[in-house]
Amino acid sequence: MSQKLTEIAANKSFGGWHKRFKHVSPTLNCEMIFAIYLPPQAETEKVPLLWWLSGLTCTDENFMQKAGAQKIAAELGIAIICPDTSPRGLNLPGDSDSYDFGVGAGFYLNATQEPWKNNYRMYDYITKELPELANKNFPLNGKESISGHSMGGHGALVIALRSPERYQSVSAFAPITNPVNCPWGQKAFAGYLGDNQESWNDYDTCYLIENGKSKQPLFIDQGSADNFLSTQLKPDALQKACAEHHHPLKFRLHAGYDHSYFFIASFIEDHLRYHANYLNA
């Protein structure tokens, strides 16, 4: 596996560094870009890591530029890695025809269908390749938590529930909680995973909870004015699954907030402090 990183940007921020790197991914068979925020503590010691998974149409840049997380991350001594949301530059048939499938819409799964299966393996990229790359190149202490927004919230919840022993904590903003029963998820899963809907369940938070995959506690913030609330995100389905199966859930519904980064920026400090309680314990 190639471990060569090429730095393409570096910005000093609250005593630490926001940096962007590109590398050739053997998992995705293309060049990828990711961003990392290294807090000032990383100059002298190894630090814990929060993974941030972004939503549809996003890149590594959205969170770093809009969430306002660096100040609190610097205070708490937490590094943050923001991967991209899909492979890019492949020009596969139909990969740029719509915003909710293909480029910018990898859904954090391993595709099994042509022409996607040789490249759209974001689950393995996020859980295997990129962590190995990060641990070899940055001063990280091995403690990890994970969070995300919308499609990225879906990815964070699924990844944490499937590997609870690995992640100290998980949180999400406005996650797609029941993708097998919403238009975004059905479109993506049918395209990437095919018609066998049994294979979809491994990437559905509600299904994983209902089948006792783990008891990883969940912390979720949702805005009441989110345009996608009832049709795509389905937090009621998640709350029902957690209640019926006694799964730990901290769910907050915020009046008037929408699906944007204005919402994320308003409550990102709460999430960082939540993760710090686990990462710095």
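Student: What share of the contacts in the protein with a separation of 6 or more comes from residues 24 or more positions apart?

Tutor: A contact means heavy atoms within 4.5 Å. Here, residues 24 or more positions apart account for 72% of the contacts with a separation of 6 or more. The model is predicted: local features need pLDDT of at least 70 and side-chain atom pairs count only at pLDDT 80 or more, while totals for chains, interfaces and linings use all residues. Residues are numbered from 1 along each chain as its sequence is written, and side-chain values use heavy atoms, with hydrogens and water left out.

Student: How does the radius of gyration of the protein agree with that of a compact globule?

Tutor: The radius is taken over C-alpha atoms, and the globule rule is 2.2 Å times the number of residues to the power 0.38. For 281 residues a compact globule would have a radius near 19 Å, and the protein agrees, with 18 Å. Its C-alpha trace spans about 50 × 40 × 35 Å along the principal axes.

Student: Which residues have the most contacts inside the largest nonpolar core?

Tutor: In soluble globular proteins, nonpolar side chains tend to be buried together. A nonpolar core joins buried (under 20% relative accessible area, 1.4 Å probe, protein chains only) Ala, Val, Leu, Ile, Met, Phe, Trp, Tyr and Cys residues through side-chain atoms within 4.5 Å. The largest here has 89 residues, and F63 and I80 have the most contacts inside it. Beyond four places in sequence, I80 touches residues including F63, W52 and L272.

Terms used
Buried < 20%, exposed > 50% of the residue type's maximum accessible area, 1.4 Å probe, protein only.
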